[in-house]
Amino acid sequence: MNLEVKGISQVEFDKVFLQFYGPIRNYIYYKTSDIQLSEDLAQDVFLKIWEKKEDIKPETVKALAYKIANNLVVNRFEHLKVSLKFNKSINTSNVATSPEFELEMKEFDERLQRALNELDEKKRTVFLMNRIDEFTYVQIAETLGVTVKAIEKRMEKALAFLRKRIDKNI
Amino acid sequence: MDKHIQNIVNNFSNSSTDEKIIESSKHLEVPFTLSSEEALAKLKSRIQQGNTSTIMVKPVKKLMIYRISAVAASLLLVFAGWYTFVYNANLNIVADKGQHTNITLPDGSNVDINAASTITFSKNDFTSERKLKLSGEAFFMVKKGKTFTIKTEMADIRILGTSFNVYSRDSVFKVSCVTGKIWVGSGKQSVIITPGESAEIKNNSILVKYTENNIQAIANWRKGEFNYENSDLVKIFDEIERQYNVTFVLPNINNKFFTGSISNKNLVDALDIVCIPMGLTYEIGSNSKVYIREKSE
């Protein structure tokens, strides 16, 4: 038996899974807007990692997962139009709100979601990874294998695009 | 936390658009159906069942069907199909060598399956997700509806409702569209083909699309006719092997090309049609072996 520690153990795999399954599934969703497909493909991403877990260095597993996810998606949906739908995760049940606020929030959300669908894929993905998955620019840059500068640019442009769309619609 | 949210509520109306975007987008949530824990459990059970081959393709369970006669075999096939249907979530439809078979899928789509070809799909999931795996050759008449996905060794095909032929054997992959519109993707490449067009993978990697001279002839195998235009002779002997369930012992026939039509009705006729113009002789031996030789001068 070879005792040289290489690859990731089963326990580590579970940890990696629980940490990155959500973000990976979300990442695919940002690109495809098909939740069923996103969950299926996220499974396949981790299945591939499972199969190769003996050969994977723990520090590269995250970038690898995104790379596999990206390959699976690119293979299928190069030019699909997306229609993303999101649930609202903010819980306002314990605070004082007004009907005006609820309405304004809801309207704004609809506008935001429409604008997100019109945003191009690269900017949308980066923007949502930062906002929903709470990745820092550095983390996004690492997972996608691009420079932090590029991420800053995409975020800036994404925000500018969304602002323009939303203000135009008011 | 509540205090933070209260702040958002109080200040929302007075925030700039940018602030609103930043704040609102943070509270968006992907409408997932499985939690991470459930997904992990699902993956674990998949791994335990050895269900790990490829993307969404479940392992193929072989059906052993002996060819007593065409009728008996078909009966057996129907029975085996029913048995698998009842006892196994994965349904395998096999057309053995020397047979063609036809199946109506749960959504009403119809498939003619050529000899030595297999179709696999999940009995339970098919109605919710029209997806199947093909190895070999088949002609599909897809009922209009949700996306219908066919996975093959080398490429994926997605359609809404149409009729078309798929050939996927060894390193040959070809889709020919008769009606409707078809999306074909392999690796990073994808093309959309319309009636009269085919998509084919050339040199093992490049996906090309072109117009067929005679699209109807592509699916003539369904009538037991096989048309060839300047086709690799080896490919034609392969097809005869599949149609008549024989095995050839071939000389070196690389770089020989055949144009003509053969049928699956009579082996001797088919051999004559191919061998005479190609300068070959044949001898039908025992055990379904057929010996092909170069004609001596």
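A residue is called buried under 20% relative accessible area, exposed over 50% and partly exposed in between, with a 1.4 Å probe and protein chains only. By that cut-off Glu212(B) is buried, because its relative accessible area is 16%. The model is predicted, so local features need pLDDT of at least 70 and side-chain atom pairs count only at pLDDT 80 or more, while totals for chains, interfaces and linings use all residues. Residues are numbered from 1 along each chain as its sequence is written, chains are lettered from A and ligands numbered from 1 in the order in which they are written, and side-chain values use heavy atoms, without hydrogens and water.

Glu212(B) sits in the loop between β14 (206-211) and α5 (215-218) of chain B, where helices (H or I, at least four residues) and strands (E, at least two) are DSSP runs numbered from the N terminus. Its side chain makes a polar contact with the side chain of Lys174(B) at 3.1 Å; such a contact is a pair of N or O atoms within 3.5 Å, and within protein one must be able to donate a hydrogen and the other to accept it, residues adjacent in sequence counting only if both atoms are side-chain atoms.

In chain B, an open sheet of 3 strands has the order β16-β19-β18, with mixed pairing, where strands pair if DSSP finds at least two bridges between them. β18(B) and β19(B) pair in the antiparallel sense over 5 bridges, with Tyr282(B) opposite Ile292(B). Two helices lie across β16, β18 and β19 of chain B, with angles from 0 to 180 degrees between N-to-C directions of axes fitted to C-alpha atoms, for helices over the stretch in contact (heavy atoms within 4.5 Å).

| Helix of chain B | Angle to strand |
|---|---|
| α6 (residues 233-244) | about 145° to β16(B) |
| α7 (residues 267-278) | about 155° to β18(B) |
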